[in-house]
Amino acid sequence: MLIPLVFPPEEIKSRLQQKRNAQKKWFDKTSRPLPPLTKGQVVRLQTDKGHDRTGVISSPALEPQSYIVRADGSTYRRNRQHLLPVKEPIPPPYYPDCTSLFQSASSDPHMLLPAQQSMPMTVPLSVPSSPAS
């Protein structure tokens, strides 16, 4: 008949902690802290296809090492390890100071804003009614 061998819980915890410390020692050998990013800095966001999306840092997020990034007209929260700082111009869909864009439009009534340029100029006058059944 087999007799189960029971180890004291304290011994198990100490062995597990020793293994974790050894793993941490080897991991920390090549790791380094990433430098912080600043507001307005141009970055590339990591996706499944690589760092193929360009964005701009809006602000640091509440979570540690995370940032709010504007890219392609949307806002994202990304961890620092998924952001690659680059020296590229600010991507076109990003307007850091929209108020100046609206102020210049108010001085010239014929100037169309980018959003207005893509809007259709014709509007249907009536909505077709559904056939009564």
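Trainee: What makes up the secondary structure of this chain?

Mentor: In this predicted model, the chain has 3 helices and 5 strands. Along the sequence they follow the pattern α-β-β-β-β-β-α-α.

Trainee: What makes β1 and β2 paired strands?

Mentor: Pairing requires at least two bridges between two strands. β1 and β2 (residues 50-60) are joined by 5 bridges, so they count as a pair, and they run antiparallel. Within this pair, T47 stands opposite G50 of β2.

Trainee: In which order do the strands lie in the sheet?

Mentor: The open sheet has the order β4-β3-β2-β1-β5, with antiparallel pairing. On average, neighbouring strands are turned by 45° against each other, direction ignored.

Trainee: Why are L37, V43, L45, I57, Y67, V69, A71, Y76 and L83 called a nonpolar core?

Mentor: The term covers buried residues of the nonpolar set, Tyr included, that are joined through side-chain atoms within 4.5 Å. These 9 residues make up the largest such core in the chain. β1 (42-47) and β3 (66-71) are the elements that give two or more residues to this core, and β3 gives the most, with 3.

Trainee: Which residues does L83 touch, leaving out those up to four places away in sequence?

Mentor: L83 touches L37, V43, R44, L45, I57, Y67, V69 and R78.

Trainee: How much of the chain is buried?

Mentor: Buried means under 20% relative accessible area, and buried residues make up 17% of the 133 residues.

Definitions and conventions: Residues are numbered from 1 along each chain as its sequence is written. This is a predicted model: local features need pLDDT of at least 70, side-chain atom pairs count only at pLDDT 80 or more; totals for chains, interfaces and linings use all residues. Side-chain values use heavy atoms; hydrogens and water are left out. Helices (H or I, at least four residues) and strands (E, at least two) are DSSP runs, numbered from the N terminus. Buried means under 20% relative accessible area, exposed over 50%, partly exposed in between (1.4 Å probe, protein chains only). Contact means heavy atoms within 4.5 Å. Axes are lines fitted to C-alpha atoms, for helices over the stretch in contact, and angles run from 0 to 180 degrees between N-to-C directions.
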